[in-house]
Amino acid sequence: MSENPSAAQPPVVDRAAFERQLEGLRAREKAHTREGDAIAAARRRLPMVEVAADSPLLGPNGPTTLLDAFEGRRQLIAYYFMWWPGRPAAEQCEGCTWVMSHVGELAYLHSRDITFAVFSQGRNTAYGFADAQASYDESLRYRAFMGWEMPWYSAQPSLDSLLVGRELGLFHLVCYLRDGDRVFETYWTKRRGAEAVDYSYALMDLTVYGRQEDWEDSPAGWERRGHATRTLGGAPDWPPLLEWPGGRPTAQWPRVAAARPDNLDANATAPAATDRPKTDPGHCH
């Protein structure tokens, strides 16, 4: 990005003044860390509720169960992925894509007897269910399109019971514990709670302009770049999304530009991105 000396910036001070103010902030950061530790300790003391261990899922090798998704480990973290049945890759949920794009090395979780898996829901909050197997097959092709390798299932056959009392089609992050052949739900969260998976926001929060989103409490004149999951142009100089639903998905679009086919129908030939009419699937999250 080119220099923009006219952009709003913090005042310039000497090193001693900078360190004094940083030290004051550091005290608050440490208190925040300790409060996070206390909340985590309280989370570990929550009760749990039993769920059906034989809840059916669809897996890459056919029908399977929630118990099987543990892969023999004691704990399971499942991310319930929002899904647009029948839509191409570039129109799949940017929010879920944002979150899952931060999932890489799973060995550290495995070392603590934790399996991480994606449970595709087969639907979106704005769109009902399609055929479960067809939507699951599409979602597997989307995983390949994105280059992801985490375990991937469809929870559509059991979604009503696995997310009982919650909004179906909205992303959720759910933790489970296995006791022999019994399964218990120990924690769940949604919306900003899913930021536990992503590090981009955490890193942005350390920078002077932060996330550059409209809701943030920033000084007057600070840069605002709109929604983090969509941009208006193409790499490497992508200007930000200014108004929804304009722009292009941040993570999907370079893969389309690299000629990865984004039509997720196994029997269809994907048209070139420039030939496909623009559609508006709506705000996915």
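Biologist: What is the relative accessible area of Tyr199?

Modeller: This is a predicted model, in which local features need pLDDT of at least 70 and side-chain atom pairs count only at pLDDT 80 or more, while totals for chains, interfaces and linings use all residues. Residues are numbered from 1 along each chain as its sequence is written, and side-chain values use heavy atoms, with hydrogens and water left out. A residue is called buried under 20% relative accessible area, exposed over 50% and partly exposed in between (1.4 Å probe, protein chains only). Tyr199 therefore counts as partly exposed, because its relative accessible area is 47%.

Biologist: What is the area of the nonpolar surface patch made by Tyr199, Leu203 and Leu206?

Modeller: Patches are built from residues with over 30% relative accessible area and no salt bridge, joining like charges within 9 Å and nonpolar side chains (Val, Leu, Ile, Met, Phe, Trp, Tyr) within 5 Å. A salt bridge here is a side-chain nitrogen of Lys or Arg within 4 Å of a carboxyl oxygen of Asp or Glu. Accessible areas come from the Shrake-Rupley method with a 1.4 Å probe, and for residues only the protein chains shown count as cover. The patch made by Tyr199, Leu203 and Leu206 has an area of about 360 Å².

Biologist: What is the volume of the largest pocket?

Modeller: On a 1 Å grid over the protein atoms alone, a pocket is an open set of points with protein on both sides within 12 Å along at least five of seven lines, a cavity is a set where a 1.4 Å probe fits but cannot get out, and lining residues have an atom within 4 Å of a point. Grid points are joined across faces, edges and corners, and the volume is the space filled by probe spheres set on the points. For the largest pocket, the volume is about 1,400 Å³.

Biologist: Which helix gives the largest share of the lining of the largest pocket?

Modeller: The lining has 32 residues, of which Leu25, Glu29, Asp205, Leu206 and Thr207 lie nearest the pocket's centre. The largest share, nine residues, comes from H1.

Biologist: Which residue meets Glu29 in a salt bridge?

Modeller: Glu29, which is partly exposed at 32% relative accessibility, is paired through its side chain at 3.2 Å, N to O.

Biologist: What is the N to O distance in the salt bridge of Arg15 and Glu19?

Modeller: Both residues lie in helix H1, four residues apart, about one turn of the helix. Arg15 is exposed, with a relative accessible area of 57%, whereas Glu19 is partly exposed at 36%. Their side chains meet with an N to O distance of 2.8 Å.

Biologist: What is the phi of Glu71?

Modeller: Glu71 sits in the loop between helix H2 (66–69) and strand S4 (75–81), and its side chain forms a salt bridge with that of Arg73 (2.9 Å, N to O). Glu71 is partly exposed at 39% relative accessibility, while Arg73 counts as buried at 17%. Most residues other than glycine have a negative phi. Glu71, although not a glycine, has a positive phi of about 55 degrees.

Biologist: Where is Ser120 placed?

Modeller: Ser120 counts as buried, because its relative accessible area is 2%. With contact meaning heavy atoms within 4.5 Å, and leaving out residues up to four places away in sequence, Ser120 touches residues including Phe81, Trp83, Trp152 and Gln156. Its place is in strand S5 (residues 114–120).

Biologist: What distance separates the C-alpha atoms of Gln156 and Ala130?

Modeller: Gln156 lies in the loop between strand S6 (152–154) and helix H6 (159–162) and is buried, with a relative accessible area of 12%. Leaving aside neighbours within four places in sequence, Gln156 is in contact with residues including Ser120, Phe129, Ala130 and Ser135. Gln156 and Ala130 are 26 residues apart along the chain, and their C-alpha atoms are separated by 9.5 Å.

Conventions:
Helix = DSSP H or I, 4+ residues; strand = E, 2+ residues; numbered from the N terminus.
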